Amino acid sequence: MTTAEIKAMATEYIINTYGDRNLAFVKGEGPYLWDADGKKYLDFLGGLAVNGLGHCHPKVVAAIREQAGKLLHTSNLYYIQPQAELAKLLVDNSDMDLCFFCNSGAEANEAAIKLARKYTKDSGRTDAYEIITMENSFHGRTMATITATAQTKYHVGFEPMLEGFKYVPFDELEATEAAISAKTCAILVEPIQSEGGVNIPSDGYLQGLRELCDKHELVLIFDEVQTAMGRLGTFFGYQSYGVVPDVITMAKALGSGVPIGAMLAKREIAESFVPGTHAATFGGNPLVTAAASTTIQTILEENLAVNAVKMGNYLAGGLMELKGKYPIKEVRGKGLLRGLVMEVDAKPIAAKCIENGLVTICTNDYVLRFLPPLNINAGHVEEAVDIVEKSMAEVL
Ligand SMILES: *Cc1c(COP(=O)(O)O)cnc(C)c1O
């Protein structure tokens, strides 16, 4: 099918929650994608931070093929070997003790929200259920997670929101402390806000949240759906900041494209989930956990977190060089989570980049966001920067 044919069929049969699009990719290899009309693109969006190993990494493809031929699904009524192996890998590479598996980032956050409430009640603070979240956050699209997401644009039409969430500005400790009351049970935060505009924390902010949680007996939850899996230069984002949360949620790059989410927690907190308190039919099934274990092993074996730092710095440097010529405010981010902040509307630049063969996205009107695979090389970075420059020259 051509792009136009795919578009016509999708438009006729799919509820239009994603808007009008003009691209359909049909093939991927490493950092490259091909659309239905045969045009090649360099993918610096990586399926929104999902394709951390690029497209169709041979080790992941082999693991999926092998597991698919053996066993796809049973149920969590039974033990699942690849799930146990994945849990061990996650625990061995973090400061957490126990894992719960689900199918997406939103579900991982749902699990964390439920666990924080349950643990707090179990520890005797029976009236505490409120969770503090940050303005411009993004935590998912279920009712609880849109409520946790402190951006009104995601709430409109779906009111009433869930009870028990309080919003404070990101990166402001004083406002956070002021919002804490006898009802508070947890703080939920992304180490770097990606959807919200690539907002990075000031020195001491995450540590300050840790101290507030210790002082007020709150559960500190890091939403690492986008920052885990090596993207910031350490396996988990929190390791880049030296601040250990009590609960971590992850998804996106965990399965290299198969749908999997996970919540990791410290033992004392995790043990508030007991038989019957939470579940997911597909959660951690053999197929997705086999893909995830191979993804993690590949990131570790190939030292991709280190490469993310190198390539992230190279990308930031290349983009900064354009600053003299074009209305660029700054380059923000860490590792391979980068935002090029423009003084002008970045949407036409993002559109032009795609036209010129570079997949990227505009966030918060002024930010061009880059989430490339972690295994890119200097040549890919140069190719991307050249296309950004060419696109700016054409648009501005
Ligand atoms: C994408 C994202 C989510 C939601 O994940 P889904 O898999 O789409 O439910 C939650 N938190 C953060 C930080 C994200 O980037």
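This is a predicted model: local features need pLDDT of at least 70, side-chain atom pairs count only at pLDDT 80 or more; totals for chains, interfaces and linings use all residues.
Let me start with the overall division of the chain. The domain assignment gives domain 1 as residues 3-57 together with 303-395, and domain 2 as residues 59-301. The contact between them takes 28 residues from domain 1 and 30 residues from domain 2, and the C-alpha centres of the two domains lie 26 Å apart.

How much area is buried between domain 1 and domain 2? The value is about 2400 Å², and carbon and sulfur atoms give 59% of that area. If we look at the domain 1 side of this area, His 57, Lys 334 and Leu 337 supply 26% of what domain 1 buries against domain 2, which is more than any other three residues.

Turning to the polar part of this interface, the count is 16 residue pairs in polar contact between domain 1 and domain 2, with both residues of each pair at pLDDT 80 or more. On the domain 1 side, at least two residues each come from helix 2 (46-49), helix 12 (304-320), strand 11 (328-334), strand 12 (337-342) and strand 15 (367-370). Helix 12 gives the most to that side, with 4 residues, and the residues of the side as a whole divide into 15 nonpolar, 9 polar and 4 charged.

Across the interface the rule finds 1 salt bridge. As for pairs of this kind, Arg 369 forms a salt bridge with Glu 195, and the closest N and O atoms of that pair are 3.4 Å apart.

That brings me to Ser 194, which sits in the loop between strand 7 (184-189) and helix 8 (205-216). Is Ser 194 buried or exposed? Ser 194 counts as buried, because its relative accessibility is 0% and the cut-off for buried is under 20%. Once its neighbours within four places in sequence are left aside, Ser 194 is in contact with Gln 226, Leu 337, Thr 363, Arg 369 and Leu 371.

Now to the salt bridges of the whole structure, where the search finds 19. As background, side chains of opposite charge can pair when their charged atoms come close.

One of these pairs is within a helix: the side chains of Lys 70 and Glu 66 meet in a salt bridge at 3.6 Å, N to O, and both residues lie in helix 3 (residues 58-70), 4 residues apart, about one turn of the helix. Both ends of this pair are exposed, because Lys 70 has a relative accessible area of 58% and Glu 66 has a relative accessibility of 53%, while the cut-off for exposed is over 50%.

A second pair is Arg 267 with Glu 271, whose closest N and O atoms are 3.6 Å apart. Here Arg 267 is partly exposed at 42% relative accessible area, and Glu 271 is likewise partly exposed, at 45%.

Finally, some backbone geometry. Where in the chain is a peptide bond cis? The bond from Glu 159 to Pro 160 is cis, with omega near 5 degrees, and Pro 160 is found in the loop between helix 6 (143-148) and strand 6 (165-168).

Two residues other than glycine have positive phi. Asp 171 has a phi of about 75 degrees and is found in the loop between strand 6 and helix 7 (173-179), where its relative accessible area of 25% makes it partly exposed. Met 229 has a phi near 65 degrees and is found in the loop between strand 8 (219-223) and helix 9 (237-241), but Met 229 counts as buried, with 3% relative accessibility.

How values were computed: Residues are numbered from 1 along each chain as its sequence is written. Side-chain values use heavy atoms; hydrogens and water are left out. Buried means under 20% relative accessible area, exposed over 50%, partly exposed in between (1.4 Å probe, protein chains only). Domain bounds come from an automatic or database domain assignment. Contact means heavy atoms within 4.5 Å. Buried area is the accessible area (1.4 Å probe) that two parts lose on being put together, summed over both. A salt bridge is a side-chain nitrogen of Lys or Arg within 4 Å of a carboxyl oxygen of Asp or Glu. A polar contact is a pair of N or O atoms within 3.5 Å; within protein, one must be able to donate a hydrogen and the other to accept it, and residues adjacent in sequence count only if both atoms are side-chain atoms. Ala, Val, Leu, Ile, Met, Phe, Trp, Tyr, Cys and Pro count as nonpolar, Asp, Glu, Lys and Arg as charged, and the others, Gly among them, as polar.
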